[in-house]
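Biologist: Could you walk me through this model in plain words? I'm new to reading structures.

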Amino acid sequence: MSNALILAGRFLLGLYFLVPGLMKFAAPDMHVALMEMHNVALAEPLMWVAAAANVAGGLLLISGRHVGLTALGLVFYVLLVNLLLHDFWNDHAGVSSEREMQNFIKNLGILAGLLVLAGHSGPRPLT
């Protein structure tokens with residue numbers, strides 16, 4: 001049962017990154033504008049890096065390849081997104097601080113899931 005639950009969680013976390021990654025490729029201007037609204041330097045090249053990281057990370061989680069390393073890489077990615085784009089402590093015109101706080105906390109839950117997945121994906125002692 002636990003293997004099925006880990007597989008389902010890994011698949012859903014993979015989708016969480018894959019779909020937004022594909023959306024970044026489909027509508028790059030919208031995502032660059034969001035990053036610029038939050039004063040992210042080098043928004044356009046970073047958006048393309050984020051798109052590639054989302055798609056690659058999502059596919060790796062879904063396929064079950066390099067899960068521990070991928071999950072830890074995505075932890076780093078989520079931390080960057082939280083600090084750069086969900087900065088509820090700053091005022092941005094047209095951006096709701098309450099919504100950014102909600103996204104920030106939601107991402108902490110995603111981060112927690114990635115940490116658990118990374119912890120379950122490491123080498124196992126022989127029993």
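Biologist: Why does Ala51 count as buried?

Modeller: First, this is a predicted model: local features need pLDDT of at least 70 and side-chain atom pairs pLDDT 80 or more, while totals for chains, interfaces and linings use all residues. Residues are numbered from 1 along each chain as its sequence is written, and side-chain values use heavy atoms, leaving out hydrogens and water. Buried means under 20% relative accessible area, exposed means over 50%, and partly exposed is in between (1.4 Å probe, protein chains only). Ala51 counts as buried because its relative accessibility is 0%.

Biologist: Where is Ala51 found, and which residues is Ala51 in contact with, leaving aside neighbours within four places in sequence?

Modeller: Helices here are DSSP runs of H or I with at least four residues, strands are E runs of at least two, and both are numbered from the N terminus. Ala51 is found in helix 3, residues 43-63. Contact means heavy atoms within 4.5 Å, and with neighbours within four places set aside, Ala51 is in contact with Gly21, Lys24 and Phe25.

Biologist: How far apart are the C-alpha atoms of Ala51 and Met23?

Modeller: Met23 has its place in helix 1, residues 2-26. Along the chain, Ala51 and Met23 are 28 residues apart, but their C-alpha atoms are separated by 8.2 Å.

Biologist: Is Met23 buried, exposed or partly exposed, and which residues make the nonpolar surface patch with Met23?

Modeller: Met23 counts as partly exposed because its relative accessibility is 44%. Patches use residues with over 30% relative accessible area and no salt bridge, joining like charges within 9 Å and nonpolar side chains (Val, Leu, Ile, Met, Phe, Trp, Tyr) within 5 Å. The areas come from the Shrake-Rupley method with a 1.4 Å probe, and for residues only the protein chains shown count as cover. This nonpolar patch covers about 430 Å², and Met23 makes it together with Phe11, Leu12, Leu15 and Val19.

Biologist: Which side chain of opposite charge is nearest to Lys24?

Modeller: Lys24 lies in helix 1 and touches His31, Met47, Ala50, Ala51, Asn54 and Tyr77, not counting residues up to four places away in sequence. A salt bridge needs a side-chain nitrogen of Lys or Arg within 4 Å of a carboxyl oxygen of Asp or Glu. For charges, Lys and Arg count as positive and Asp and Glu as negative, with His and the chain ends not counted. Lys24 is buried yet has no salt bridge, and 13 Å away is its nearest side chain of opposite charge, Glu100.

Biologist: And how far is Glu100 from its own nearest side chain of opposite charge?

Modeller: Glu100 lies in helix 5, residues 97-120. Not counting residues up to four places away in sequence, Glu100 touches His38, Leu85, His86, Phe88 and Val95. Glu100 is buried and has no salt bridge either; the nearest side chain of opposite charge is Arg99, at 5.8 Å.

Biologist: Which loop holds Asn39, and what is its phi?

Modeller: Asn39 lies in the loop between helix 2 (28-37) and helix 3. Asn39 is exposed because its relative accessible area is 62%. Asn39 is not a glycine, yet its phi is positive, about 60°.

Biologist: How many helices and strands are there in the protein chain?

Modeller: From the N terminus on, the elements run α-α-α-α-α. That makes five helices and zero strands.
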